[in-house]
Amino acid sequence: MANFCTNCGSPLKPEYRFCPGCGTAVAQDKVTIREDGKGGLIFDVPEGTTVTISDAPPFGKTD
Ligand SMILES: [Zn+2]
């Protein structure tokens, strides 16, 4: 299945995670995003690297 960069339209191979043309991160449906149960999100990527984002900024104004 061919993919194309959503930013510049360059053809992307399935193993690409970043566009070789413009460097935009390629959306991968293999990536699983789940909640960690403590208000954070866990991103599971194919290589087994797990990234946890637990202090994302709140939406909206805080004043
Ligand atoms: Zn691109």
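Helices (H or I, at least four residues) and strands (E, at least two) are taken as DSSP runs, numbered from the N terminus. By this assignment the protein chain has zero helices and five strands. The order of elements from the N terminus is β-β-β-β-β.

The model is predicted: local features need pLDDT of at least 70, side-chain atom pairs count only at pLDDT 80 or more, and totals for chains, interfaces and linings use all residues. Residues are numbered from 1 along each chain as its sequence is written. The predictor's confidence in each residue is given as pLDDT, from 0 to 100. The mean pLDDT of the protein chain is 74, and 59% of the residues score at least 70. Confidence is highest in strand β2 (residues 11-12), at a mean of 88. It is lowest in strand β5 (residues 50-53), at a mean of 60.

A residue is buried if 20 or more other C-beta atoms lie within 10 Å of its own, exposed if 12 or fewer, and partly exposed in between. Of the 63 residues in the protein chain, 5% are buried. Contacts were also assigned: two residues are in contact if their C-beta atoms, placed from the backbone, lie within 7 Å. Among contacts with a separation of 6 or more, residues 24 or more positions apart account for 0%.

Phe 4 lies in strand β1 (residues 3-4). Phe 4 is exposed because 12 other C-beta atoms lie within 10 Å. Leaving aside residues up to four places away in sequence, Phe 4 touches Gly 9, Ser 10, Pro 11 and Leu 12. Pro 14 is ten residues from Phe 4 in sequence, and the C-alpha to C-alpha distance is 9.9 Å.

Two strands pair if DSSP finds at least two bridges between them. Strand β3 and strand β4 (residues 41-44) pair in the antiparallel sense, over four bridges. Glu 35 has Leu 41, in β4, as its bridge partner. Five residues lie between the two strands of this hairpin, where Gly 37 takes a positive phi near 85 degrees.

Arg 34 belongs to strand β3 (residues 32-35). Arg 34 is exposed because 10 other C-beta atoms lie within 10 Å. Arg 34 and Asp 44 are ten residues apart in sequence. In space, the C-alpha atoms of Arg 34 and Asp 44 are 8.1 Å apart.
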